[in-house]
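Here is a short report for a first look at this structure. Start with the confidence, then turn to the sheet and the aromatic residues.

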Amino acid sequence: MNLRAFGVGLALLASAFTLLPAQRASAEDTAVTKLRVGYIPIGIYSYFWRARDAGYFKDAKLDVELVPMAGGGQIIPALQSGSLQFGISDALGLLNARNGGIPATYVSFNFSQASSDPVHAVLTTDPNIKTAEDLKGKSVATNLSYNTDWTMMRAWLRKNGVDLKSVTFREVPFPDMLAALRNNTVAAVGASEPFVTMGKEQGARVLGYYFTDVQSPIVLSGIVALTPYIEKNKDVVRRFVQAINHAIDDYNSDPAIARKTIEANTKVPPSVIEKMGLGKWQTRVPAEQMQFWVDAAKKEGVISDTADLNTLVWQDK
């Protein structure tokens, strides 16, 4: 081999090694992260559908499987087991988890409602029940016990002068509440949209709005993950939250996008979707908003310790 050929060979070899890191980085940049996310398939959490359908998860190099579940009571244990990476939870679900030693943390504390656009209401079909006071000695349903719905129902009854000892509380999933009213299983239910609007169309009457009659506006739910997962996967968490925030920004720019998203992903009649309350989604909620729920949880005996609010909502640093 002459010197010229040897020099060319060395140059080619050097070029090959120079290219390898760039090729490896390119492969890493295009890697897709698979995630399983637990949620309740109702309008409140429709931003998941929007992020998926609009391609925001894909743009963030995330392959997201949305897993329908009953609520935080199922979702948080699934986060613990590792079968989910993210999931929705109301504020009491997160505080209950923390009280039990589970390091659940909001990565997006995002959904609220106000008196001008409530999404929860107390419904009845009993003609003899006209006010909250008429629920004394009756059965009232919320979707779960010791969650935000149960807590706010108790606060609403208390505010209306009802002795809580005179009321029997039952658990009925949101989709089954209207049937429970028709069958006289319970006298009233704490329903959420779209079941509030569906109930009114079927002849149910609204006795009050058990969230916003007590506190307005009120932030009540969002997306949680476990702190160890967050600390080990900050980039994944950041990309996931950015995709969600993109969907929320769409909703806030045009509420019709939210209604169209709900219509495309549920069997709820378009007439109901057009009338139902949507509430409000936010991308930046101060951790201080959790104080209301800490105080409410203490009042109901759910927790006893004072929580560090800044540890309950993830701060992207």
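The model is predicted. Mean pLDDT for the protein is 90, and 91% of its residues reach 70 or more. Residues 1–28 stand apart from that picture: their pLDDT stays under 50. For this stretch the model has 1 contact beyond four places in sequence. Where pLDDT is low, the predicted coordinates should not be read in detail.

Now the sheet. It is open and has 5 strands, in the order β7-β6-β8-β5-β9, with mixed pairing. Strands β7 (168–171) and β9 (205–208) are the edges, each pairing on one side only. On average, neighbouring strands of this sheet are turned by 35° against each other, direction ignored. Helix α6 (residues 148–159) packs on the sheet. The helix touches β5, β6 (139–142), β7, β8 (188–192) and β9. Its direction makes about 140° with that of β6.

Strand β5 (residues 120–124) runs antiparallel to β9, and 3 bridges join the two. Here L123 stands opposite V206 in β9.

Next, the aromatic residues. The count comes to 13 aromatic pairs. Two of the pairs are set out below.

| Pair | Geometry | Centre to centre | Angle between planes |
|---|---|---|---|
| Y39 and F48 | edge-to-face | 5.8 Å | 75° |
| Y45 and Y47 | edge-to-face | 6.4 Å | 85° |

Are these residues buried or exposed? Y39 counts as buried, at 5% relative accessibility. F48 is buried too, with a relative accessible area of 0%. Both Y45 and Y47 are buried. Together with W49, the residues Y39, Y45, Y47 and F48 form one aromatic cluster.

Key: Residues numbered from 1 in each chain as written. Predicted model: local features only at pLDDT ≥ 70, side-chain atom pairs only at ≥ 80, totals over all residues. Heavy atoms only, no water. Pairing = 2+ DSSP bridges. Helix = DSSP H or I, 4+ residues; strand = E, 2+ residues; numbered from the N terminus. Axes fitted to C-alpha atoms, helices over the stretch in contact; angles between N-to-C directions. Contact = heavy atoms within 4.5 Å. pLDDT = per-residue confidence, 0-100. Phe/Tyr/Trp six-rings, centres within 6.5 Å; stacked < 30°, edge-to-face > 60°. Buried < 20%, exposed > 50% of the residue type's maximum accessible area, 1.4 Å probe, protein only.
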